[in-house]
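The following exercises concern the geometry of a two-chain model. Each task is followed by a solution in steps.

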Amino acid sequence: MPKHILEMRKITKVFPGVKALSDVELEVIEGEIHGICGENGAGKSTLMKVLSGVYPYGTYEGDIVYDGEVQKFHSIPDSESKGIVIIHQELALIPYLSVAENIFLGNERRGAGGMIDWNLTNHEAAKLLTMVGLDENPTTPVNQLGVGKQQLIEIAKALSKDVRLLILDEPTSALNDDDSEHLLQLLRNLKTEQGITSIMISHKLNEIQEICDRTTIIRDGHTIETIDVAGQAGIQDRIIRGMVGRDLTNRYPSREHVIGEELFRVEDWSVYHPTQPGRIVVDNASFNVRKGEVVGIAGVMGAGRTELAMSLFGRSYGRDITGRMYMHGEEVNVTDVSSAIKHGLAYATEDRKRYGLNLIEDVRRNISAAALFKLAKRGWVDGNKEIKVAEEYRASMNIKTPTVMQTVGNLSGGNQQKVVLSKWIYSDADVLILDEPTRGIDVGAKYEIYTIINRLVAAGKAVIIISSELPELLGTCDRIYTLAFGVVTGEVPVAEATQEKLMTLMTQEKATKDKEVRA
Amino acid sequence: MTGTANIRELLTRNLRTSGIYIAFLAIVVLFAILTEGTSLSPANVTNLVLQYSYILILAIGMVMVIIAGHIDLSVGSVVAVTGAVSAVLVIKNDMPWWVGVLAALACGIVIGAWQGFWVAFVGIPAFITTLAGMLMFRGLTLLVLNNVSLSPFPEPYRNIAAGFQNGLLGGNGYDVFTLVIFGIGVVGYAFSAWRTRVSRIAYEQSVEAFPLFIAKLVAIAAVVMWFGWQLANARGLPNVLILLAVLVIAYSLVTTRTVFGRHVYAIGGNLSAAMLSGVKVRWINFGVMLNMGILASVAGIVFSARSNAAQPAAGNMFELDAIAACFIGGAAVTGGVGRVTGAIVGGLIMAVMSNGMQLMGVPQSVQAVVKGLVLLLAVAFDVYNKRRAGAR
């Protein structure tokens, strides 16, 4: 019988009006990597917050047995003192402080007289950085590092607290494939070399399969089952079945491909970095999309995908933008976002919380936000019509909310994304650029989003999907452009595309491309 | 969700917006008891309206500035400089009273456009722009007035703030006209509340239970009619109250029903999202600051008319009273949240407190401490509520 480092017994957590967890059981064996899967809103994060003391002892029912003892954590420091460290989905680093300062924040290395011993701090930070495989100067400000490295610094921070049980909440959701692979390898090393137990919440089932020993599936606040993952075939389908409570035979809904004339064309589009003079971010990009077509833009993070989209959408990014844009075959001059919207362009951002939604406003007003002009006569908004519109979208997009007056911040990720899409569909866009449309949302909601995309193209719209998940692009697109270092390196019809082929094009250096052009 | 919301749900859901009204009533009752009824006497109620009207006018503009995520520290100085410009024309140069009014308004437009330019198009934070404005416009006031007070204003100018509509329909010791106006107001309010309710039901939105709806209407009508009765028993309907009512109604509509108003909320709620939704953020910010300048000049006219003079130190600290009124009235420091009616009630809370303490003979020093504490507690209550709501 392997030793359980952690047993959570019959955990029940009730919020006013909602039972978030009911009799959840979780057993974690010492030295394993334990996955937790579940749809958004299933209660995964709540469970981890109970474990780490964010919800203090007494606000939940049930027992947390850690190291063979019942624990009563009243705060995060309580659980950290026992070696339980949680790394949240949203990084909690302070951008202007150095790597070392962030690592020892709240846990400062002090010398004589209580003053901070900077030599000791930086020295120990450097050691921790080596442990997580980062070759950075500890005095570098954190905001100069990419998201992938920041995630590693979070882990270094956890290591500085003598962590024994590391909890990661969707650690790779914002990382590209390379950084994800690095992170997963690090978790493996921590397990084998230092015996650190990890709990990993993830929506990426291939990661779960790759790295976890066992995984627990949670649905609607109940434990469904805990299964062995390592070396099991067909495990992903079983996990999906457990998560959604039904079989998803096809993760991508099928559609008829009826492709019409060209709707949108971009020629020789170049964009320079807004603050670093001379740095070109998008280099002579040309592409087009036709009526009824879904076109993918594949590229790793930092390839300039979002920058390309945002610069097209009313010059919302970059400077010294050059190039031509055609709508319905006619050249258009789009100088700001409102003219982009009037020309029938829409851009649903990859970061819906920061750029897509007004989280403190309700569903109704978020849906109408980009097209208030449709509801207004001489500057006065027709509030009744607005409610009617919102109700229509609630029904047609299947937005799960008690009323359209609900604050958007209270909805789950998938439903928030449906609000974003409703907003842009209501703006009567002909061409919709969807940047990572399924990031951070669960399998069931992803399927719904794909269905919505199919409905859009069936209605004669054109959709451009930017995604770092290649299977998603292969499953939804008609054609895929690859973007590498700001350059469009290839255009592949989906029938000829494979993940390997796309990946090769996505990592192609600019020099080779130049040579090809000359040759 | 269709059907009717029960009282408990209504209370918890609306505590943040209705808490302020309950607090207001509690403070009114408290001071009525402490002053043995003096604070509710007809003369004092009238005085209250006259004495704090300019703060309320400033609060209307300020709440929009705050909703958009800015702040305006210059309004006190703008009140002074617009009053000074008007006084120089009317008193020193013997121009008609309306020239003074128009000049003050024009001055407010120029100042609003100036500050709006720096905030919206150059991108200087409003805190800095208006801090600079606070110094500059105070300096300009001294310059325009040559460092001395100017008075008195002619009768028609004074009447803007100190005049009354009285005896238009006669009455026996009370002014019928005042009561009729208040009656129309109450009926109008009841009608619009009824229409809102009917249309919400038609769109299958949740509404409060019918008896509760009626009880609320009756309570509001009773309070408002009592207020009208007190005014009618004193000197009639103050001109400045008419001005205030028009401004409150107009700006409530602007903030809730117009594209402009909705864009102000959108900018304050999430600037980036607003920008990417096609909101012309710069022009909206410009409009908000411009509007603040205009309302500050209106307050400047009212204040100079009421004090019957333009003084170098006029409007000192008004900005802080106006800002406090907004935050007591439920506006959020981070922007995106707030209501014109909330700011007005917040301002009235401050007014009733200051007035009540003055009646009781509380020293200025203690008054300042109490007002400061109330501001702190009001915002603390707001923060506490938000944390409770966001606990999930």
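**Exercise 1.** Which residues in H2(B) meet which residues in H8(B)?

*Solution.* The model is predicted: local features need pLDDT of at least 70 and side-chain atom pairs count only at pLDDT 80 or more, while totals for chains, interfaces and linings use all residues. Residues are numbered from 1 along each chain as its sequence is written, and chains are lettered from A and ligands numbered from 1 in the order in which they are written.

Step 1. Helices (H or I, at least four residues) and strands (E, at least two) are DSSP runs, numbered from the N terminus. A contact requires C-beta atoms, placed from the backbone, within 7 Å. On this basis Pro42(B), Val45(B) and Thr46(B) of H2(B) meet Phe227(B), Gln230(B), Leu231(B) and Asn233(B) of H8(B).

Step 2. Classify these residues. Ala, Val, Leu, Ile, Met, Phe, Trp, Tyr, Cys and Pro count as nonpolar, Asp, Glu, Lys and Arg as charged, and the others, Gly among them, as polar. The contact of H2(B) with H8(B) comprises 4 nonpolar, 3 polar and no charged residues.

Step 3. Take the axes as lines fitted to C-alpha atoms, for helices over the stretch in contact, with angles from 0 to 180 degrees between N-to-C directions. The axes of H2 (residues 42–67) and H8 (residues 210–233) of chain B come within 8 Å and cross at roughly 100°. H2(B) is therefore roughly perpendicular to H8(B), the class for 65 to 115 degrees.

**Exercise 2.** Describe the surroundings of Leu237(B).

*Solution.* Step 1. Leu237(B) belongs to strand E4 (residues 237–238) of chain B.

Step 1. A residue is buried if 20 or more other C-beta atoms, placed from the backbone, lie within 10 Å of its own, exposed if 12 or fewer, and partly exposed in between. Leu237(B) counts as buried because it has 26 C-beta neighbours inside 10 Å.

Step 2. Leaving aside residues up to four places away in sequence, the contacts of Leu237(B) include Phe164(B), Phe177(B), Ile181(B) and Leu231(B). Leu231(B) is also one of the H8(B) residues that meet H2(B).

**Exercise 3.** Which elements give two or more residues to the side of chain A that touches chain B?

*Solution.* Step 1. In total, 31 residues of chain A are in contact with 24 residues of chain B.

Step 1. On the chain A side, the elements are helices H10 (337–342), H11 (352–356) and H14 (383–396), together with strand E18 (380–381). H14(A) gives the most, with 5 residues.

Step 2. By class, this side of chain A holds 17 nonpolar, 9 polar and 5 charged residues.

How values were computed. Contact = placed C-beta atoms within 7 Å. Parallel < 35°, antiparallel > 145°, perpendicular 65-115°, else oblique.
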